[in-house]
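Let's take a walk through this model together, with the sheet and the packing around it as our guide.

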Amino acid sequence: MTKKLSIKSVLFFLLTSSIFLSCNVDKKRKIEEVPIQLNEETVTIFGHQIERAIYNDDANFFNGAFDTNFIKEKISENSLIYSSLDAEFGKALFKQAIHQGDFVLKEFNEGGHFKLISYYEKENKHHLIFRLYSNWSIYIEDYEVDTVNNELKIKEGFNYNLGISFTDKVKYSMLYSILLKTDSKGIISLFLQIDSLIQKEKIAAALELLTTNEALLKEYPYYQQQLIQVQYLHNPKGFIDFLEGLHLDKRCKLVHKLLFYSNNGHVEESYATIDELINITGDDPIYLFFYGRAHFLAKKYKDALICYEEAEKGLPLFWDLWYSKLEVYYNLKQVDAFIETLCLSEEHYGMDKREMLELTEEEFPKVYKKVSEVFEKDF
């Protein structure tokens, strides 16, 4: 026989249930309202979240890691940007400029490598240094992390390659695109002419256009980048002296020095530059790769191989590292090691034996016969 509940019992049950639920809600609210701690541990975890998201083919976490309101307010000091942010094309340009995840993931998927190098605190501000490797070059960003609405966000930063703040990088990226759309025959036309001359290998003409229009162009970071590129092509022997004479942040100069020395086989200078960079950024196995590159171009193949093997202990086998090891084994006439490394492309890059043979025939003809003999049984 079912026992009936009295009205008092029902009321008591409802009352105690509501109190219990209310306590749980209050408890949950208190947990949610606990402010996030801003320290080395939390900021480093945040940095690794960005890194892992890229490794997992996800650009969204990095795209959303920035304090967009702060950055918009800062770049809106420029009237042209301020007025454009209300228009759809301006909103799209801002989104493109601030979505670093999209850029990094694209380079990563095309054979590059991305890494959180280090954390540091300076003047009570918390910093993360990230490095992107792509196509024999590196890009280094120093980001300042703070709390925004109880979340960790990137507010500001410094771009080593351009030698400017992150907000200036966003600002001038937008300005360039806005002027390209609204005034393509003005200042932007000069940049386009210079790019065209560089592509046509008319370096002297490009340098003249840059120098005669310095007053008009020097505000834009793109001017400095074009000038560095053109000066290197025009006078490689005097490039370092030229670079030292520029009014650039030391970190910017060091990146350009590293790229120059390593890609021109200057071993001792590469080592000295890497040592300075490590003191600023922290250690990174990618520096060993560039040091190996310097040795290889100096025809010190055994030393180059040591550097590549040590770099590989701390890095995945990205395309340029794999190819560089092939170059070393080829020049050392170590055919077995060459073939063993060549075959790694099946696992890492999905290459079949026919594609491996085509690469060998085109790039490493002296070992083609031996490789084809080894692969012959597979056809």
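A residue counts as buried when its relative accessible area is under 20%. By that cut-off, 9 of the 12 residues of β3 are buried, so this strand is largely enclosed by the rest of the structure. Please keep in mind that the model is a predicted one.

**The sheet**

Strand β3 belongs to an open sheet of 5 strands, which follow the order β1-β2-β3-β4-β5 with antiparallel pairing. At the edges stand β1 (113–122) and β5 (164–165); each has a single partner strand, so one side of each is left without a neighbour in the sheet. Helix α14 (residues 250–262) packs on the sheet, where it touches β3 and β4, and its direction makes about 150° with that of β3.

| Pair | Sense | Bridges |
|---|---|---|
| β2 (residues 125–134) and β3 | antiparallel | 9 bridges |
| β3 (residues 137–148) and β4 (residues 151–159) | antiparallel | 8 bridges |

Individual residues show how the strands line up. Tyr-133 has Ile-138 in β3 as its bridge partner. Towards β4, Tyr-143 stands opposite Gly-157, and Val-148 stands opposite Glu-151.

Both pairings involve hairpins. The hairpin of β2 and β3 has 2 residues between the strands, and Asn-135 there takes a positive phi near 50°. The hairpin of β3 and β4 likewise has 2 residues between its strands, with a positive phi of about 50° at Asn-149 in the turn.

**The nonpolar cores**

Which residues have the most contacts inside the largest nonpolar core? They are Phe-62, Phe-114, Ile-154 and Met-174, in a core of 63 residues. Helix α8 (residues 166–182) gives the most to this core, contributing 8 residues. Leaving aside residues up to four places away in sequence, Met-174 touches Ile-75, Ile-81, Ser-84, Leu-85, Gly-90, Leu-93, Phe-94 and Ala-97. Another core lies apart from the largest one; it has 48 residues, among them Leu-254, Ala-304, Leu-317 and Met-351.

**A glutamate in a helix**

Glu-327 lies in helix α18 (residues 319–331). Is Glu-327 buried or exposed? Its relative accessible area is 13%, and a residue under 20% counts as buried, so Glu-327 is buried. Beyond residues up to four places away in sequence, Glu-327 touches Arg-293, Phe-296 and Phe-364.

Note on methods. Residues numbered from 1 in each chain as written. Predicted model: local features only at pLDDT ≥ 70, side-chain atom pairs only at ≥ 80, totals over all residues. Heavy atoms only, no water. Helix = DSSP H or I, 4+ residues; strand = E, 2+ residues; numbered from the N terminus. Buried < 20%, exposed > 50% of the residue type's maximum accessible area, 1.4 Å probe, protein only. Contact = heavy atoms within 4.5 Å. Pairing = 2+ DSSP bridges. Axes fitted to C-alpha atoms, helices over the stretch in contact; angles between N-to-C directions. Core = buried A, V, L, I, M, F, W, Y, C linked by side-chain atoms within 4.5 Å.
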